[in-house]
Amino acid sequence: MRFNRDIDKDIISPLFIACLVGLIILLPKIFNLYVDFLWFLSLGLESIFMTILKTKILLFLIFTIMALLFISANIYIAGVRDLRIYAIPILISLFVGFVMSNFWNEYLMFMNKTEFNIHDPIFAKDIAFYIFELPFYRIIQNFLFFIIFVSGVLILMIYAKNGGISLIRILRGDEFFNFHAIKPTSIIGINVSDKARFHLCALLGMFFLILSSRHFFDRYDVLYSTRGVVFGATYSDVNAVLPLLSASIFISLILAIMSFLLAISSKIRIIRINAKGLLIGIFIIYIIIILGLGLLPGLIREYRVLPNEFLLEREFIENNIEFTRYAYSLHNVQDIPMMPVENVSQEYIDENREIIDNIRLWDWRALKHTYEQMQEIRSYYDFNDVDIDRYKLNNTYTQVMLSVREINHEQLSREAKTWVNEHLVYTHGYGVCMSPVNSFTSEGLPEFLIKDIPPKSRFDELRVERPEIYYGEKTDNFVIVKTEIQEFDYPLGDKNKFTVYNGSGGIELNSFLRKLAMTIHLYDINIILSRYIRRNSRILLNRNINERVRRIAPFLLFDSDPYAVIANGKIYWIIDAYTYTNRYPYSTPYNREINYIRNSVKVIIDAYNGNLSFYAIDNNDPLIETYMKIFPGLFRKFDEMPNELKRHIRYPEGLFIVQARVYGIYHMTDPMVFYNKEDQWVIPEEVYGQGVRQEMEPYYIMTRPPGYDDLEFILMIPLTPKNKDNMIAWMVARCDFDRGYGDLIVYKFPKEKLIYGPMQIEARIDQDDEISQQLTLWSQRGSDVIRGNLLIIPIEDSLLYVEPLYIRAERATMPELKRVIVSYASRVVMGRNLDDAFEKLFSEIKVGRIEEKEHGRVEEMEERMDIEELVDLALKHYYNAREHIRNGNWSGYGLELENLEKTLLEMKNITKVK
């Protein structure tokens with residue numbers, strides 16, 4: 001094919017401009033890609049970067065070429081020979097390739113799937129099909145739909161322009177011989193050439209083929225249905241939706257065949273006569289079926305299911321219960337009955353001193369304010385959070401709270417906010433603060449285990465030899481180390497101590513290309529212009545640990561609460577990571593993104609060097625097994641984690657709160673009970689701060705869980721019946737790696753016995769005259785009274801309730817721990833500390849028992865009731881108990897039974913006397 005010079009110029013000039021514009025757009029992206037590679041390389045994780053990059057390139061090329069060939073072929077068949085038109089499919093194909101490259105994770109999971117060895121109850125397919133395969137099939141379908149649709153629109157426009165498709169006016173009889181009688185209302189028709197008909201019908205046939213496959217895969221979506229009484233396939237889905245979808249598959253195939261036959265109907269006379277009408281008729285049937293998909297399930301549910309709902313939905317309810325419990329790792333929860341006893345004494349407390357000495361009196365919010373006032377040292381330091389952990393100190397298992405002292409550039413003075421200071425001088429935070437969870441001074445302040453700058457530790461186990469914090473929760477900007485200017489290390493009296501970074505973190509700026517790349521990547525020209533930067537200088541990027549892990553493993557979900565630990569003289573961060581999906585069949589979603597979740601990964605980050613280690617801790621999670629196949633250089637086995645760090649892993653609060661909420665419904669495994677929601681549990685509320693009601697948060701404690709002999713670090717939360725305040729159970733997650741890490745236990749109380757819940761204890765605190773008078777007195781003096789978290793402490797077979805009180809003086813920001821409230825059985829006391837509160841508590845119990853004994857003697861001297869009166873009273877208790885059963889008031893029912901028993905015994909005694 002020959003083109004003249006003018007046409008060449010017309011093609012080349014726009015092409016040159018397009019290439020130039022493309023280069024300008026792509027150049028920053030190329031440099032960003034280069035910087036990302038250097039960053040992964042500096043961490044020794046370049047294999048992860050290359051795996052993702054190669055997969056993106058592969059998908060981009062495959063789908064770009066496929067889209068380009070298909071769309072261009074259709075344009076060529078339509079008769080277009082002008083090369084300029086082919087710029088359209090090129091641009092569209094590049095766009096398609098770019099979009100498809102973003103599905104690299106779905107492709108890699110599809111290619112490396114791991115079987116669950118669990119099959120759904122409807123189609124008997126392994127769960128892996130729904131999580132790893134079906135999403136990728138959907139992506140392919142959407143791609144095919146898109147290129148067919150785009151091709152159809154383009155060739156319609158082409159045929160309309162070249163006359164392959166044209167409008168014609170169908171004249172009435174009087175208009176054939178009278179031109180002036182022709183009116184705009186005359187019937188309009190469409191004239192389609194044989195070539196256009198063949199082309200369009202062929203595309204239409206392809207469309208119906210893809211539509212048929214779509215309906216085939218739509219069948220599996222009934223496992224995510226929300227139409228019925230539970231999430232997942234129910235009676236109307238199985239008996240209405242599935243048959244209609246099967247009919248849709250068949251009709252779509254017929255429509256595809258008819259479209260192909262219509263395309264070649266000029267060569268087959270019989271088909272030419274009937275194909276159009278038949279195609280239209282079948283299409284109408286198809287539309288009716290699609291409408292039926294929207295209407296028929298609702299009609300069946302309304303008139304067939306609702307009158308017999310439980311009978312027809314029972315098996316589907318059982319499916320939902322089974323699959324939801326597994327998806328949230330609740331299928332192995334240990335249910336242990338517990339009957340709290342009221343036999344606590346001072347001797348009992350002394351025998352369990354390890355537990356008492358680890359009761360957390362400091363709330364993290366109050367302690368954070370105290371740390372800020374006492375230990376920030378300078379305004380540019382900041383404590384972002386207070387974490388809870390445990391350490392062996394002098395062979396004593398001790399629960400502690402600690403916080404990292406990070407640098408905060410926002411708090412530098414205005415004069416100090418220069419580029420050099422923010423990026424070259426003030427590069428890191430310094431040290432940690434640590435205090436026991438229950439110790440405080442006479443002034444109500446924490447007793448420090450680690451404090452000051454440089455950090456001073458009371459125990460050798462807590463020595464900090466590398467206190468610099470280059471990577472943390474507030475380190476949001478980049479810094480450059482090993483420059484011509486020294487870094488600020490920490491304040492030393494009236495002067496400052498300076499240092500030079502001696503770690504391996506960061507990327508060397510050893511060439512102009514790297515400096516240029518960083519300048520473009522960070523939009524900061526000073527990186528090139530600064531004379532402080534040497535060839536061995538290193539730039540530390542992505543220093544925020546939350547951002548850091550997400551850039552490395554964007555396919556994982558990360559806990560929002562990283563925590564710091566001290567091990568071997570260094571500071572490390574631990575972040576819990578989750579595998580998750582929203583494609584687990586029959587599992588009720590927790591939110592839009594999650595209906596399956598596992599805490600399968602622990603991430604360790606060196607606060608000085610920024611090195612990361614991903615440890616896979618769940619060997620039974622097919623998702624993490626799949627990711628380990630995809631990224632073999634990323635994940636390590638849990639056995640490889642140093643023991644010093646293993647001692648500090650803990651069950652994450654984020655996962656535990658999800659499981660507790662789901663378990664509140666799915667502890668009901670009996671389908672009838674579940675259907676009626678007869679026994680739903682919820683996380684209770686507490687009174688916090690200045691009288692604000694809030695949902696209780698899970699909390700870490702040190703105790704011996706009932707049934708276990710060793711002192712353990714556990715995470716727990718109480719549970720109450722929905723719309724009631726009494727406690728029905730408490731849920732535990734074991735945290736120690738060598739003591740059943742990850743085991744979930746639920747201690748269930750008998751329903752006939754009243755166990756006080758958090759809000760009932762809070763009400764008793766408010767009603768106590770001595771406590772309320774003291775609170776009022778403090779408030780009248782202008783101080784703020786802050787109520788801490790109410791903690792329920794299980795000790796063997798008993799429960800103690802502990803709530804700290806903080807006082808914040810007027811115009812002060814630092815709260816002081818002033819009182820401790822303890823409740824046991826029906827008594828509430830307030831003391832200056834735990835020991836003082838226990839002394840008061842057991843003094844009251846002793847006095848109470850004496851009073852009860854004396855009262856019993858007086859009662860024995862009183863005249864007994866007549867037998868008829870006792871019979872009437874017994875009947876009254878009996879009828880009251882029946883009424884409580886009808887109303888679901890089990891605590892009232894239990895109380896009436898106790899009264900009935902006392903009445904019957906009294907009748908027996910009277911009978912003996914007579």
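Guide: Helix 2 (residues 46-77) and helix 5 (residues 127-162) pack with their axes 9 Å apart, at an angle of about 25 degrees. Helices here are DSSP runs of H or I with at least four residues, strands are runs of E with at least two, and both are numbered from the N terminus. The model is predicted: local features need pLDDT of at least 70, side-chain atom pairs count only at pLDDT 80 or more, and totals for chains, interfaces and linings use all residues. Residues are numbered from 1 along each chain as its sequence is written, and side-chain values use heavy atoms, with hydrogens and water left out.

Visitor: Why are helix 2 and helix 5 called roughly parallel?

Guide: Angles run from 0 to 180 degrees between N-to-C directions, and axes are lines fitted to C-alpha atoms, for helices over the stretch in contact. Under 35 degrees counts as roughly parallel, over 145 as roughly antiparallel, 65 to 115 as roughly perpendicular, and the rest as oblique. The angle here is about 25 degrees, so helix 2 and helix 5 are roughly parallel.

Visitor: What makes the crossing of helix 2 and helix 5 right-handed?

Guide: A crossing is right-handed if the near helix is turned clockwise from the far one by less than a right angle, and left-handed if anticlockwise. Helix 2 passes helix 5 in the right-handed way.

Visitor: Which residues of helix 2 and helix 5 meet?

Guide: Contact means heavy atoms within 4.5 Å. From helix 2 the list includes Phe63, Met66, Phe70 and Ile71. Among their partners in helix 5 are Ile140, Phe143, Ile147 and Leu154.

Visitor: Why are helix 6 and helix 7 called roughly antiparallel?

Guide: The axes of helix 6 (residues 194-218) and helix 7 (residues 235-263) cross at roughly 165 degrees and come within 8 Å. That angle is in the antiparallel class, so the two helices are roughly antiparallel to each other. Their crossing is left-handed.

Visitor: Now the rings. How many aromatic pairs are there?

Guide: Rings of Phe, Tyr and Trp (its six-membered ring) pair if their centres lie within 6.5 Å; planes under 30 degrees apart count as stacked, over 60 as edge-to-face and the rest as tilted. By this rule there are 48 aromatic pairs.

Visitor: What makes Phe555 and Tyr627 a stacked pair?

Guide: Their ring centres are 4.4 Å apart and their planes are at 20 degrees, so the pair is stacked. Phe555 is in the loop between helix 16 (545-552) and strand 17 (557-558), and Tyr627 is in helix 17 (residues 622-630), so the pair ties together parts 72 residues apart in sequence.

Visitor: How do you know that Phe555 is buried?

Guide: Buried means under 20% relative accessible area, exposed over 50%, and partly exposed in between (1.4 Å probe, protein chains only). Phe555 has 6%, so Phe555 is buried. Tyr627 has 3%, so Tyr627 is buried.

Visitor: What about Trp730 and Tyr747?

Guide: They form a stacked pair, 4.5 Å centre to centre with 20 degrees between the planes. Trp730 is in strand 28 (residues 729-734) and Tyr747 in strand 29 (residues 744-748), 17 residues apart. Trp730 is at 1% relative accessibility, so it counts as buried. Tyr747 is at 0%, so Tyr747 counts as buried.

Visitor: How do you know that Lys677 lies over the face of Phe674?

Guide: A charge sits over a ring if NZ of Lys or CZ of Arg is within 6 Å of the ring centre and within 35 degrees of the ring normal. Lys677 lies over the face of Phe674 at 3.9 Å from the ring centre. Lys646 lies over the face of Phe638, at 4.9 Å.

Visitor: Is Glu810 buried or exposed?

Guide: Glu810 is at 55% relative accessibility, so it counts as exposed. Glu810 sits in the loop between strand 32 (798-808) and strand 33 (816-824). Leaving aside neighbours within four places in sequence, Glu810 is in contact with Gly782 and Ser783.

Visitor: Why is Tyr879 called partly exposed?

Guide: Tyr879 has a relative accessible area of 48%, so it falls in the in-between class. Tyr879 is in helix 24 (residues 867-887).

Visitor: What makes the backbone at Tyr523 stand out?

Guide: Most residues other than glycine have a negative phi, and most peptide bonds are trans. Tyr523 is not a glycine, yet has a positive phi of about 55 degrees. Tyr523 is at 75% relative accessibility, so it counts as exposed. A cis peptide bond joins Ile453 and Pro454, with omega about -10 degrees.
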